[in-house]
Amino acid sequence: MMIAPTRLFPLLVALVLAVLTYALERAVREGPSGPEPRRHDPDYFVDRLVLTAYGEDGSVESRVTAEKIVHYPDDGTSDVTAPRAMLSQPGRPRYRARAERGSVADDGEEVFLYDNVVLVREADAARPEARLESDFLHIVGGPAIARSDLEVRLQEGARQLAGRGMEYHHDQGLFTLREQVRGRFEPREAERK
């Protein structure tokens, strides 16, 4: 007995539909295969943060403020809105930093500052105020190393220096500009006489 192709076609379609229906039903029932991808959703946030550290004599050694901090558990990073920091050590000039926004790595060893970044070393008896401005700054290992691949402007008293790409090693006092370096240096009053 021979089955006509016109009768076989509907049976094949019905068989394919039955197999597809079974496969879809099984996929939906078992859920996705493999681990679910991690989402970058916040687990907590803090509004109007103020952290202050005091020295043994009760003086303020550091203060960190932010309008908002949002923490993400998938990679441990925290996004920071309007970060501000001040560091004051006895016998040394005070340092201040600010930016429009920032990001902090899970272990706190890396800080990224973005948009209108300003670092200031206040004047002391030996040196005038120093001011660094950029739109990006990457700080590694606390205050040990600061880097930027964008335009950087540095002003210390009447001396000015600018360039693209910068690295500063705080412990060594070594400041390097990489390219398009421009500067203006005027002698100090004592050097003019």
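Q: Hi! Quick one to start: is D106 buried or exposed?
A: D106 counts as exposed, because its relative accessibility is 58%. Buried here means under 20% relative accessible area, exposed means over 50%, and partly exposed is what falls in between (1.4 Å probe, protein chains only).

Q: And what kind of model is this?
A: This is a predicted model, in which local features need pLDDT of at least 70 and side-chain atom pairs count only at pLDDT 80 or more, while totals for chains, interfaces and linings use all residues. Residues are numbered from 1 along each chain as its sequence is written, and side-chain values use heavy atoms, with hydrogens and water left out.

Q: Thanks. Where does D106 sit?
A: D106 is in the loop between strand 6 (101-104) and strand 7 (110-121). Strands are DSSP runs of E with at least two residues, helices are runs of H or I with at least four, and both are numbered from the N terminus.

Q: Which charged patch includes D106?
A: A patch of negative charge on the surface, where D106 gathers with D75, D79, D107 and E109. Patches are made of residues with over 30% relative accessible area and no salt bridge; like charges are joined within 9 Å, and nonpolar side chains (Val, Leu, Ile, Met, Phe, Trp, Tyr) within 5 Å. For the charges, Asp and Glu count as negative and Lys and Arg as positive, with His and the chain ends not counted. Each charge is placed at NZ of Lys, CZ of Arg, CG of Asp or CD of Glu.

Q: Let's zoom out. How many helices and strands are there?
A: The protein chain has two helices and 11 strands. From the N terminus on, the order is α-β-β-β-β-β-β-β-β-β-β-β-α.

Q: What share of the chain is buried?
A: Buried residues make up 22% of the 193 residues. The chain exposes about 13,900 Å², and carbon and sulfur atoms supply 56% of that area. Those accessible areas come from the Shrake-Rupley method with a 1.4 Å probe, and for residues only the protein chains shown count as cover.

Q: Now A53. Where is that, and what does A53 touch?
A: A53 is found in strand 1 (residues 44-54). Not counting residues up to four places away in sequence, A53 touches S59, V60, E61 and S62. A53 is partly exposed, with a relative accessible area of 32%. In space, the C-alpha atoms of A53 and L87 are 9.5 Å apart, although 34 residues separate the two in sequence.

Q: And S88: buried or exposed?
A: S88 is buried, because its relative accessible area is 16%. It lies in the loop between strand 4 (84-87) and strand 5 (95-98). Its contacts, leaving aside neighbours within four places in sequence, are V60, E61 and R94.

Q: Changing topic: how many salt bridges does the structure hold?
A: The structure holds nine salt bridges, each being a side-chain nitrogen of Lys or Arg within 4 Å of a carboxyl oxygen of Asp or Glu.

Q: Where's the one between R96 and E122?
A: The pair links distant parts of the chain, with R96 in strand 5 and E122 in the loop between strand 7 and strand 8 (130-140), 26 residues apart. Their side chains meet at 2.9 Å, N to O. R96 is partly exposed at 36% relative accessibility, and E122 is partly exposed at 24%.

Q: Which partner does E151 have?
A: E151 forms a salt bridge with R182, the closest N and O atoms being 2.4 Å apart. E151 lies in strand 9 (residues 145-156) and R182 in strand 11 (residues 174-184), so the pair ties together parts that are 31 residues apart in sequence.

Q: Tell me about R153. What does R153 touch?
A: R153 touches R131, L132, E133, S134, L161 and A162, not counting residues up to four places away in sequence. R153 is placed in strand 9 and is partly exposed, with a relative accessible area of 36%.

Methods. Contact means heavy atoms within 4.5 Å.
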